[in-house]
Amino acid sequence: MSGHPLADRYVIAGTGKSRLGKVPELSDLDLTEEAAYRALADAGLTVRDIDGLLVRGPDTSYTFHQELGERLGINARFSTTTCNGGASQILSVIQAAMAIEAGLCSTVLCGYGRSAWSRTHADESTRVRAQTRSEDMMAKEFGPEYGYFSAAATHALGARRHMHVYGTRREQLGAIATAFREHALKNPEAQMKKPLSLAEYLEARMIVDPFGLYDCSLRSDAAGAVIVTSRERARDRDCKPVLIKGFGTFNNLSGWFEGDNMIRTAAAESGKTAYAMAGVGPKDIDTAQIYDCFTYMVMVQLEDYGFCKKGEGGDFVASGALRPGGVLPTNTSGGQLSESHAEGMLQIVEGARQLQGIYGPDRQVKDAELCLVSGHGGNTVCHSSLILGRA
Amino acid sequence: MDTPDYLKPVPVPSKETKPFWEATRAKKLVMPRCTSCGTFRFPVSRHCRACGKAGHEWVEVSGRGKVFSFVTYHRHYHPGFAGELPYVVGLVELEEGPRIISNIVGIAPEEVRCDMPVAVRFEPITPDIALPKFAPV
């Protein structure tokens, strides 16, 4: 117990996922709606109980909450589209708790949905362009003229620097990809169905060296949603609430290229805030759901969150720590590398479900009491942290 | 005016970065320097991140630096680069402090290393624009 006034006062009362992977018949909003109704059912609520809406869709849609609210047919006392990239989804949960605390609303739907697979695979020409960002969001200078494109390259610059400073090796990054695949094979909803060996990881084609194919997360049609409300309100409902014990955010707005930001990320400060609020430390965490846009980001965040020393992330992951039954089973759904990519929303869902204890012995992290969930994004500099606990 | 056979993106200078591209055309690398405390800064901003005072001038820099980090592209994201794979994009830390994205050239991609010393060379791509690229010293 930390004595923080908001710790343990709010809960995730229900979770939902849309169908995942290749779902060409559903739009961004369809997917989000599907996840939202499933989360409401899990929480024992109906859409009429919702008076807050904190959601996110494609990067270009700042009106996503309005569009979703119109479909749900509700008005909201508190509502916005959260725009910190992959850090947005935990930020929505944080904003929900703060808004309820402030008396602005009582029950908030937090969600994210995007048809990223269909968007880039609608036909051959879109597949070749394969951009999820619109032209007018692209840099006009100091990048494209040198062929500097893609989130893969931005993160790979960090991975290369980490390799140089700490001696990290590609096969260590591979231990992350293969561990998450092992988890995914236990998850019938996961997009990736086949086992992945370290040899296959190393032999796969390179994309932006040091990243090969399996260092990169999936393109998915996917959505997730959770319902945030007070602990008291959840008591009256037929649901399995999960406690929000701590949260934090930090944003290295000075830039990914500044100082050592690419090898000591905003996760370090964000994590400290969340641990302090929850009154726990990395040794207390039973399972982690770490934002895995690329393998390297998992390794560097594990260091930043204090699961191992700075620079020892490679050895930590290669020890098998993240695998099923490891010292820190991580991304137990398969994560964005092997389950589906919904900008971190599905990882909040997975963290909550592990603490709801709904899985069979094959997939359930044994005696899980505390889960750390991380969100990273907004052009690599924004971070958010969430510590969930069994109620 | 684009050279017809130049298929890669051509930089679109902004109001703030015009002096940078005017200098590269004359084979000079310039960076914004605070007129109050002399700290270099990049990207461009109105106020100095070190002393908070407004105002900067574009000053020629040595053109020397080191490769802070780099990546090697094995797939292209723009058709103009299809014929160049594999190519290297580096984050170059200039002696004066600022870090800029460019290509590391004049060396096989597998030979590039972090912290390797490099120096600028200019590659004209249109009558108006020359790109500063970096090669090992």
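A residue is called buried here if 20 or more other C-beta atoms lie within 10 Å of its own, exposed if 12 or fewer do, and partly exposed in between, with C-beta atoms placed from the backbone. Helices (H or I, at least four residues) and strands (E, at least two) are DSSP runs, numbered from the N terminus. The model is a predicted one, in which local features need pLDDT of at least 70 and side-chain atom pairs count only at pLDDT 80 or more, while totals for chains, interfaces and linings use all residues. Residues are numbered from 1 along each chain as its sequence is written, and chains are lettered from A and ligands numbered from 1 in the order in which they are written.

The run starts with T295(A), Y296(A) and M297(A) and includes Q301(A), E303(A) and D304(A). Among the elements that cover these buried residues are α6 (151-166), α7 (170-184), α10 (267-278) and β10 (370-377) of chain A. After α11(A) comes G306(A), which has a positive phi near 85°.

One of these neighbours can be followed further. Two packed helices are described by the angle between their axes and the distance between the axes. For α7(A) and α11(A), the angle is about 100° and the axes are 9 Å apart; axes are lines fitted to C-alpha atoms, for helices over the stretch in contact, and angles run from 0 to 180 degrees between N-to-C directions. The two helices α7(A) and α11(A) are therefore roughly perpendicular, a term for angles of 65 to 115 degrees, whereas those under 35 count as roughly parallel, those over 145 as roughly antiparallel and the rest as oblique. Where they meet, α7(A) brings L173(A), I176(A) and A177(A), and α11(A) brings T295(A), Y296(A), V298(A) and M299(A). By class, this contact has six nonpolar, one polar and no charged residues. Ala, Val, Leu, Ile, Met, Phe, Trp, Tyr, Cys and Pro count as nonpolar, Asp, Glu, Lys and Arg as charged, and the others, Gly among them, as polar.

Attention now turns to the nonpolar core, a set of buried Ala, Val, Leu, Ile, Met, Phe, Trp, Tyr and Cys residues joined through C-beta atoms within 7 Å. The largest one has 143 residues, and V93(A), V226(A) and L388(A) touch the most other members. Helix α3 (residues 88-101) of chain A gives this core its largest share, eight residues. Beyond four places in sequence, V226(A) has contacts (C-beta atoms, placed from the backbone, within 7 Å) that include I12(A), V93(A), C110(A) and I348(A).

Finally, the two chains meet through 23 residues from chain A and 28 residues from chain B. On the chain B side, β3(B) gives the most, with six residues, and the classes are 18 nonpolar, seven polar and three charged. Of the 10 residues in β3(B), eight are buried. Within chain B, eight bridges join β3(B) to the antiparallel β4(B), with S69(B) partnered by L91(B).

Conventions:
Pairing = 2+ DSSP bridges.
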